[in-house]
Amino acid sequence: MYKKTKNLTGKSAEAINKNKDFNFKERFGTIPKSIMKFKKSDDLMSLIDWDNSELGKVEGDAKPRGKGYASTIRYSIYNPNQALFILDYYTKPDYLILDPFMGRATRPVVSLFLGREYIGFDTSSKTVELNRKILEGKFPEAKYKLYKNDGTEMEKLKSKSEFADTIFTCPPYYNLEKYSGEEGDLSRLSYDDYNKKMDTFFGNCRRLLKTSDYDKLKFYPLIITVGSVRKGKLGLVDMDFIFQELARKHEFILYDKLFTENITPGAGFTFRRNYSYGYVTKNYETTLVFIKI
C-alpha cells in the first residue's frame, strides 16, 4: 500500500522528487508491483478539498448512475494516492503533464504538488471553473493551463508536436457515469462513436507526446487508467483490450501495466445478482503505460 503522504508541504514534495539514493520502502511504502492497492489518505483527500469541494457536486445535466442503490452513489473521483504514486514513479519534477480529461481536481492538484507543470482539458465549463478556483488558492505560483475543450481533439494544441513529457488521464468509462452533456462529452456517445473519438485521441497523443529513447533511459509515457463496463447480455466491455488495440494502431508500445484494487461500495448490494448471472464483482482498474520510440 502506497503511503508516501507525510507533511503536505513544499519540503516534502521536494523529498519525494529526489531521484537518487532513495530507499524504495521509505519512498513508496512497498516495492512497486503490478497489482497494488491505494487507500485514500486523509491528507491527500484534504489537499484536493474533497470533503467540502463543489467539484464533488458538479453534475449539470448529469444522470444518476443507475437505479436503486446506484442512484445514490456520488460521482467518482480519481484516487489521489494512486495519482501520487503514478506521477512520482513514472514522471520527473520538471515534466509537463498533459491531461485531456481533467475531471474533478485530483490530477491537477497532485501534479502541481509534485512540482510538475500541468495542462488540463474538460468539456464541462463548471468543472474547469472549479478546478481553476482550487489551483489558484493552493498553487498561486505554479505553471498550469486549463481549457474548456474536447480532450480528444485538443484544438488548443493543434500547432504543437513533441510537446508533452507525459500524458496522464482517465477518460469516462463509456456511459457508466453520464456527465454534463456539454459539447464533446464522451459519456453521452454510443459505443461506436466513443471508440471513434478515442481513435482521434490516440492520433493526437502520438503527435503531442515526446519520443522516448530506451537506450538513453529517457521515457515520456502516455498513462491511461481504464476500467470495464457490463452491457447485460452483450457481456463485458473491456477498455484495456480496446485501448491497446487503438494504441497499437497509432504505433504506441505497451510499456507497463498497473492493476489497482478498488473499494467497491456497491459490492454488498450486488453480489447476489452477480452470482445469479454467473459473474464476479469487478473491483479493479487498469493503468496502461504506453511510449513511442
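1. Ala 105 is found in the loop that runs between β2 (96–99) and α5 (106–113), where helices (H or I, at least four residues) and strands (E, at least two) are DSSP runs numbered from the N terminus. Its phi is near 80°, a positive value in a residue other than glycine. With a relative accessibility of 1%, Ala 105 counts as buried; buried means under 20% relative accessible area, exposed over 50%, and partly exposed in between, using a 1.4 Å probe and protein chains only.

2. Please keep in mind that this is a predicted model, in which local features need pLDDT of at least 70 and side-chain atom pairs count only at pLDDT 80 or more, while totals for chains, interfaces and linings use all residues. Residues are numbered from 1 along each chain as its sequence is written, and side-chain values use heavy atoms, with hydrogens and water left out.

3. Met 154 also deserves a look: its phi is near 45°, a positive value in a residue other than glycine, and its place is in the loop between β4 (144–148) and β5 (166–169). Met 154 has a relative accessible area of 0% and is therefore buried.

4. The largest nonpolar core has 70 residues, and the members that touch the most others are Leu 98, Phe 202, Leu 222 and Phe 243. Such a core is a set of buried Ala, Val, Leu, Ile, Met, Phe, Trp, Tyr and Cys residues joined through side-chain atoms within 4.5 Å. Leaving aside residues up to four places away in sequence, Phe 202 touches Leu 222, Ile 224, Phe 243, Leu 246 and Phe 290, among others, a contact being heavy atoms within 4.5 Å.

5. A search of the whole structure finds 21 aromatic pairs, meaning rings of Phe, Tyr and Trp (its six-membered ring) whose centres lie within 6.5 Å, with planes under 30 degrees apart counted as stacked, over 60 as edge-to-face and the rest as tilted. The ring centres of Phe 38 and Phe 85 are 5.5 Å apart and their planes meet at 40°, so this pair is tilted. Because Phe 38 lies in the loop between β1 (35–37) and α3 (42–47) and Phe 85 in helix α4 (residues 80–90), the pair ties together parts that are 47 residues apart in sequence. Both Phe 38 and Phe 85 are buried.

6. Tyr 214 and Phe 219 form an edge-to-face pair, 6.3 Å centre to centre with 75° between the planes. Tyr 214 is partly exposed at 49% relative accessible area, and Phe 219 is partly exposed at 22%.
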